[in-house]
Structure formats: C-alpha cells, structure tokens
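Here is a short report on one protein model.

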Amino acid sequence: MELNIQDTFNQKLPADLRIDNSRRQVFDACFSFVKPRVPSKPQLIHFSKEMAEALGINEEEVKEKYFLDVFSGSKVMPETNPYAMCYGGHQFGHWAGQLGDGRAINLAEIVHHHKRWALQLKGAGETPFSRTADGLAVLRSSIREHLCSEAMHHLGVPTTRSLALCLTGDQVLRDVMYDGHPAYEKGAVVCRVSPSFIRFGNFEIFARRKDKENLRKLADYTIQYFYPTIKETSSKKYLLFFHEVLSNTLKMIVEWQRVGFVHGVMNTDNMSILGLTIDYGPYGWLEGYDKGWTPNTTDRQNKRYKYGNQPYVALWNLFQLANALFPLVEEAKPFEEALEKYKIDYANAELSMLLSKLGIRESKKEDLELVESMEKVLELCETDMTIFFRRLANLKKNDSDEDALQLLKPAFYNPEELVGDVQSAWQAFLKKYLNRLCVENHSDQERKITMNKVNPKYVLRNYMAQLAIDAADKGDYNLIDELHQVLKAPYDEQVDSEKWFAKRPEWARHKVGCSMLSCSS
Ligand code: AMP
Ligand code: MG
C-alpha cells in the first residue's frame, strides 16, 4: 500500500511543544503530536471498498497485514507524524473550554486524484485532550459510526467517511445508560476519513483565549486549503469564509431533514467547518415522524437537539462561529446580516426540499400551506417517515383520497387510529395534494421517478444498527456487511432487501440502542 502522503495541518500550523500524552491545557498550538496506542489483538472486521478506492487502496492491499497494522494503530506509517487537534466548544448551550481530540488521532493527509483526505483513528488511545476518559471506543459505537457515515454518503448527505472498522482485542469499561452499571465491552477502532476534521470549536478556542494570531493562522490555513475560491486578501476574506461555512452548514441541515437524520449532539465541537456530518454518537433516524424526537437520552429533558430544532441549533452554532471569527473582522454588522439571511435562505431551502419530496417541481404560493398541513397530519398518529414518502410516489393523480389513504396504510404504526377526525384530516390533506398534482405537468410515472431519487427506501433504522451490533458481539460480522451493501443504494428498489423496508419492530420501541442512546461510546 503506497499512499500519496501530503501533510499540511501538522506542517503549516503551530504544534504543541510537549510530546507526552499527559492531560493538559494546550496553549499556542493547533495540535499535539501523539502516538496511537498499540492494540493487543487487532482484527479488521469491515472496510468500505468505495472509500478504499477513493484513497487509491485496492482490495488486495486491504487484505495485507500492513493495512491492519496502520488502521488499527499498531504501526505508524513512515514519515508521518500523528497528532490530536486542540479545540473547544459549546456543549448543550454552554461554553465548555478546551475539549480537543480526546480519542481521535490524525494519522496523515493523503492526496489521491487531486482530492485531499485526512485519515483519523477514533478510539486509538489517550491524548493530552482525553480529560478524565480513556481515549478508547467500543465496538457498538464504532459499528454505528462506520455504517452510518457510509450510508449518509450514499444518501447524498455531506459527511465524513469511514474506511475501516477494527477490533482491538482489548476490553473497554462503559456504563451505557450512566446508571451505575458499568460492564466490559469489546474495544474497536474506526478509521474516519474527511478532507479535514476542523470544527467550529477549533476557532472558538483561540477566540476565547484571545489568541488572535493563531486564530488568524488557522483561518488562513482553512481558507487556503478548503475554501480556495476565496481570493480576497483583506480582512473581508474572513467574512466570505463565514458566508461559505454558513451556506455549507445550511445545505447539510436541509439534507438531514430530508432523510430524517437526527444528530443528537450538535455541540459546536461537533460542527465541521466544511459543513459535513461529523461525530456519529447517539444519532438516530426518525421512524414515526415527530419533530420533537431525539434519540439522545442525555438530552431527554430539554430536547435541545430534537429533529425539529436542528435548523435553529445550526444557526445558534453559526452565531458562535461568528463570535469566534469576529476579532479578525472587527465589524459585527456583516455577521449579523449573514445570520439573518440564514433564516430566510433556510426557510426557502426547506420548502423546496419538502416540495421535492412531494414530487412538486415548481413551487406555487399556496404550497407552503400544503406542506404545513402535511406536517400536521404526519404527527396526528405515528407515521413512518421513510415509508410514507416512499409510498407517496405510488399515488396516481386521479386516485380518490380514500384510495390514497389506503395505499399509505403500511406507513402507520397503529392503522386503527385512522378514524374520525384523524381520518378526515388525512383525507383533507390528500385531497389537497392530489388536486395539486393535477396542476403539475409531469406524468405519474415521471413524478414517481423523481420522488424516488429524494425519498430513500433504505435508511439505517436504529434497530438495524442494533441487530448488527448484537450479532457482531457474538463474532458474526455478516450483518454489518449486509447493511453496508443495502445502504449503498438507498434509493433503489432492491427486491431482495425488502425486509429492511419495514416499520420498526415493536421490540425495538423502547430498547436501549434502538430508541434510547447515550453519549457513552
Ligand atoms: P463527543 O461528545 O463524543 O463529541 O465528545 C466530546 C469530547 O469528549 C471530545 O473532546 C472527545 O474527544 C472527548 N471524548 C469522548 N469520549 C472520550 C473517550 N472515551 N476518551 C477520551 N476523550 C473522549
Ligand atoms: Mg465530538
């Protein structure tokens, strides 16, 4: 395996002068050099062929011991200098100080086909940023991260990627529900891949410490390598940079809402400066459509990060980024204007996205009302989001509202609730929708094709990941691969995978790992 290594982050930016792993506050530096921990009995249990190809690694090379050595943390590639990034962040609305890569170790950056990729191990041991924790990750959360990042990529959602999933052979102690019942679990390491892992929090830490010099260095570096279309040289470039980050973040959120993804921990340290989904922790997928749903039990009281809040939280986080970049511009107004504009741009983008899910090509004035009535009926009784939109594509313009409702029945968790006012509301919405379709000038068949490109048939339902985890715990990794394969073509019919196009089974409704997740990972 020969990778075209071209490090920049650890070459161009200031390093911490200390090289030991002891926990500490790291000042005047963007990162600390660290060594991955050597696992006792590493084993590759899954890899993404597409990701390997994108990096210029072929299947033969994946099978070589060297691949396992590098991506389990056993060996450091020659002429590379692994490092952990220093960042801070706002957690659940409060400034949390220095956080940093507590269990992520960047191995190197490589360039393949003119694309830059940073390779990062998650769960490969302690760093100066590990605080009170062990720097390790368990198999459960590593499977979730590996499967979901690749699934999101194939759904067309901007995301960090995952190359490989390895068992370490070591045991890791975790208290899954934080209720005083710690138990040993299998340790694992995921190799994540992204053009860059820089977060909002990387900027926030310097602004908070009034370290304008390093703030500027980091911003200049980020613009040079990741926002190269910005040619401005005056301080206005930081504003243009902010506009780009804002726009990328907005696009990412629209995509999350489109597929029903709930991140679960949208702290500013979990916001990528490239607008990529990053840090797959207690995330979840909407089954019943419910704007108030969050998978994260740690957030159950306030539900700050519930599905319906994601667009606003992103704005709140962008406001924190604006604060962090302010010292480089020293003018508040343009930031305020950009943030104001986000609200309008988001509302427009969300409406277009929802109309595309409904198969409506050109928006009309009255469409906002149609979308609002759809959201209302979806929450009247538990309705599976994925199944609803996918089946909606089968409606014919000339169907009656009764027929249409009949066709949607498989999307309802309790079809017996479809009586009285609930039934009338659904029929009223469907009548409006069918009338609206009659004004569109594409055929039922054409509409179905376009709708099926934005309404996935297969998503990583919470229980699916849990089934793969339960099997993997017993040493059976087939389901990881089966799900990985299905989720590579989420918009295709895939007749052999029909069983994954089904409502969440009842046993999974209140099960830990399916509907209840914590940050313990
Ligand atoms: P998260 O909530 O996963 O985004 O993590 C927040 C912070 O805690 C980050 O700085 C992580 O690096 C750190 N962290 C999370 N889990 C661990 C762990 N097991 N060991 C060390 N640091 C961790
Ligand atoms: Mg994080």
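Asn270 and Asp279 are both buried, that is, under 20% relative accessible area, with exposed over 50% and partly exposed in between (1.4 Å probe, protein chains only).

The model is predicted: local features need pLDDT of at least 70, side-chain atom pairs count only at pLDDT 80 or more, and totals for chains, interfaces and linings use all residues. Residues are numbered from 1 along each chain as its sequence is written, chains are lettered from A and ligands numbered from 1 in the order in which they are written, and side-chain values use heavy atoms, leaving out hydrogens and water.

## Asn267

Asn267 sits in the loop between β11 (261-262) and β12 (284-285). Strands are DSSP runs (E, at least two residues), and helices are H or I runs of at least four, numbered from the N terminus. Asn267 is buried, at 2% relative accessible area. Beyond its neighbours within four places in sequence, Asn267 contacts His90, Gln91, Phe92, Tyr305 and Asn317. Contact means heavy atoms within 4.5 Å.

## Whole protein

| Item | Value |
|---|---|
| Helices and strands | 17 helices, 12 strands |
| C-alpha span along principal axes | about 70 × 55 × 45 Å |
| Buried residues | 58% of 521 residues |

Of the contacts with a separation of 6 or more, 73% join residues 24 or more positions apart.
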